[in-house]
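Please look through the structure below with an eye for backbone angles, peptide bonds and charged side chains. The briefing that follows takes these topics in turn.

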Amino acid sequence: MSVLVDKHSKVIVQGFTGNEGAFHSSQMIVYGTNIVGGVTPGKGGQTHLNRPVFNTVADAVKEVGADVSVIFVPPAFAADAIMEAADAGIKLIVCITEGIPTKDMIIVKEYLKDKNSRLIGPNCPGIITPGEAKIGIMPGFIHSPGCVGIISRSGTLTYEAVDQLTKAGLGQTTAIGIGGDPIIGTTIKEALELFMKDPKTKGIVMIGEIGGTMEAEAAHYYKANCTKPVVGFIAGATAPKGRTMGHAGAIIGGKDDTAEAKKQIMRECGIHVVDSPADIGRKMAELLNA
Amino acid sequence: MDLHEFQGKSILKKYGVSVPEGILAESPEQAVEAAKHLHAITGTKFWVVKAQIHAGGRGKGGGVKLAKNVREVEKFTDKIIGMNLITPQTPPEGKKVSKVLIQQDVFYPGPSDIREFYISVLLNRKTGRNMIMYSPIGGMDIEAVAEKTPDQIFTEEIDPRYGLQGFQARRVAFNLSLEGDAFKNMVKFVQSLYKAYLDSDATLFEINPVLKASDDKIFAVDAKVTIDNNALYRHPDIAQMRDLAEEDPIEVEASRYDLNYVKLNGNVGCMVNGAGLAMATMDMIKMSGGDPANFLDVGGTANAKRVEEGFRIILKDPNVKAILVNIFGGIVRCDRVAQGIIDAYNNIDNINVPIIVRLQGTNAEEAKILLDESGLEVRSAIALEDAARLVNEALSE
């Protein structure tokens with residue numbers, strides 16, 4: 001078991017023939033992801049990496065039965081690509097692109113409300129179910145199949161947690177990079193719900209950062225509904241107020257979105273918060289082996 | 001990207017939001033000319049001299065003065081330009097003022113009461129929609145208002161499919177207890193303000209105070225505007241409003257190299273790939289007894305050239321007593337990064353602070369061997385906690 005993706009996922013790549021898209025597509029194929037084709041408008045009918053290229057997502061759904069799409073389209077066109085995928089009935093849309101204007105994402109968020117699609121990202125490393133499907137840009141080899149679900153707003157910090165869990169012998173069911181933008185498709189709370197329902201997931205790591213109220217929302221949900229242990233970490237305890245720290249969404253606006261405030265709410269709701277990112281794996285091992 | 005007050009007001013004016021007439025001045029002479037001109041076109045008897053820096057609370061630091069005659073305009077301008085203005089929102093040493101806005105005084109006497117409100121437009125991250133936040137209590141720090149009298153803060157959320165509706169703009173005016181001409185002017189004000197926000201891809205338009213003048217006109221007396229950096233490509237006119245003098249010189253240089261760098265006040269520099277890991281690294285430096293000197297995300301492709309540029313940027317800060325490099329190699333190979341560090345060390349003369357390098361992920365072991373055998377004054381680690389310990393040791397030497 002896993003959440004959202006597995007070896008049966010039929011994945012297409014939007015922006016298949018571009019530099020980034022082509023490089024990461026070949027990496028995903030090497031990992032064993034079931035990449036069934038790609039979309040580049042105007043290049044339909046061609047073959048790339050031994051897979052068919054389509055002009056539209058709808059064509060890819062019709063011809064090869066795609067149900068997951070991963071997007072490597074440049075920021076100015078990425079919102080359009082997400083909506084095209086949703087319109088074509090793609091169930092899971094993973095948008096890697098960083099730098100999409102917020103105004104475009106407001107429209108996307110609204111557009112998705114009456115569609116049957118889940119969006120992950122944008123500005124994220126993607127999602128991986130170790131040994132089955134790597135859909136994104138994360139280094140595959142650090143992962144191992146196991147029992148911990150990971151939810152994270154950051155890329156390399158996710159790898160850090162993954163690596164610690166692999167070395168602790170716990171492994172991962174699925175790791176979801178939800179993205180560092182102010183508006184994203186799948187929130188921490190929604191990812192938490194998915195892992196709570198997955199029987200194979202025994203524990204969950206939740207990595208947040210300054211800015212926004214997603215962690216608090218997830219913590220309140222956890223307190224009311226959850227049974228599995230959650231280890232939490234919040235990056236940005238030393239970040240100054242009002243400055244954007246790399247991720248467009250990582251900015252302290254008021255007193256509620258500081259690292260300290262988030263950690264406190266999470267602790268009050270029963271989440272095991274660690275202050276150092278080096279302790280994530282150790283803490284999870286302690287909880288699961290207890 | 002933050003805009004100056006005068007820049008924000010120029011956008012507002014274009015959209016039909018009434019702002020007090022104002023002219024930018026960079027010297028007392030220009031200020032006097034501006035004051036005379038403002039008198040000629042508006043009949044204003046007083047003028048407000050306002051320091052133009054990217055920070056709020058300027059009045060508290062002496063950066064906003066009411067001048068009751070032209071001599072005072074000259075005097076205040078002379079005093080404000082060149083001063084290091086310290087406000088609750090500036091760095092402790094303040095910000096140097098190089099220009100002032102000379103503005104018509106809109107607190108003139110007349111038939112009705114003058115009132116001050118607060119209105120802003122911003123993104124509600126919880127719902128993923130824009131909202132108008134407003135309060136009948138204006139001219140004060142809105143966070144303090146939210147704390148003391150949360151019932152005095154109202155919001156109006158905008159459905160992106162249909163935009164701001166007339167009844168919503170009217171509700172704002174009703175909740176502010178306006179009537180007659182003031183009511184009509186406020187409805188138009190709110191609609192124009194929202195359009196300005198939306199069209200310029202802003203993430204914040206904060207008007208504090210919004211003034212109901214004694215003749216029932218509504219004015220944006222101040223304007224704090226932030227534009228979405230990711231959308232600047234479609235607003236070349238706004239992009240060129242960027243004022244490099246407002247930014248830290250090291251940050252300006254880093255942005256030329258396309259490095260994501262934020263200057264802080266600590267003693268341990270750091271270079272990391274990825275924003276989340278970079279913040280976590282700063283936090284770890286603090287826990288090991290140091291203080292982070294910067295945030296620096298070298299990005300997903302931490303090649304030798306970027307590593308060298310990163311070192312050069314960090315070393316420009318004289319407070320840096322040690323440097324921690326923390327790279328999690330994924331697609332990037334750690335041994336290549338290690339080679340980059342060795343090259344940078346050799347290319348940059350006189351690096352005389354200890355460098356702690358933590359490389360983890362692809363080819364981490366090979367990288368550690370490369371560094372250990374390089375003969376350089378580099379201390380290498382693979383686990384995060386070892387890196388933290390090495391930082392602590394370096395600081396206590």
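Predicted model: local features only at pLDDT ≥ 70, side-chain atom pairs only at ≥ 80, totals over all residues.

**Backbone angles**
- Although A:Leu4 is not a glycine, its phi is positive, at about 65 degrees.
- A:Asn50, likewise a residue other than glycine, has a positive phi near 65 degrees, and A:Asn50 is found in the loop between strand E3 (47–48) and strand E4 (51–54) of chain A.
- With a relative accessible area of 72%, A:Asn50 is exposed, because the value is over 50%.

**Cis peptide bonds**
- In chain A, the bond joining A:Gly121 and A:Pro122 is cis, with omega about 5 degrees, and A:Pro122 lies in the loop between strand E7 (118–120) and strand E8 (126–129) of that chain.
- In chain B, a cis peptide bond with omega of about 5 degrees joins B:Asn208 and B:Pro209, and here the proline, B:Pro209, is part of strand E10 (residues 202–212).

**Salt bridges**
- Side chains of opposite charge can pair when their charged atoms come close.
- Over all chains, a search of the whole structure finds 47 salt bridges.
- One of them pairs B:Lys50 with B:Glu5, whose closest N and O atoms are 2.7 Å apart; this pair links distant parts of the chain, since B:Lys50 is in strand E2 (residues 47–51) and B:Glu5 is in helix H1 (residues 5–14), 45 residues apart.
- Both B:Lys50 and B:Glu5 are buried.
- B:Asp237 and B:Lys14 also meet in a salt bridge, at 4.0 Å from N to O, and they connect helix H7 (residues 236–239) with helix H1 of chain B across 223 residues.
- Of these two partners, B:Asp237 is partly exposed at 38% relative accessibility, whereas B:Lys14 is exposed at 59%.
- Within helix H6 (residues 180–199) of chain B, B:Lys195 and B:Asp199 lie four residues apart, about one turn of the helix, and their side chains form a salt bridge of 2.9 Å, N to O.
- B:Lys195 is partly exposed, with a relative accessible area of 45%, and B:Asp199 is partly exposed at 29%.
- Salt bridges that share partners join A:Glu110, A:Lys113, A:Asp114, A:Lys115, B:Arg129, B:Asp159 and B:Arg161 into one network.

**Confidence of the model**
- The model has an ipTM of 0.92 and a pTM of 0.93.
- For chain B, the average pLDDT is 93, and 99% of the residues score at least 70.

How values were computed. Residues numbered from 1 in each chain as written. Chains lettered and ligands numbered in written order. Heavy atoms only, no water. Helix = DSSP H or I, 4+ residues; strand = E, 2+ residues; numbered from the N terminus. Buried < 20%, exposed > 50% of the residue type's maximum accessible area, 1.4 Å probe, protein only. pLDDT = per-residue confidence, 0-100.
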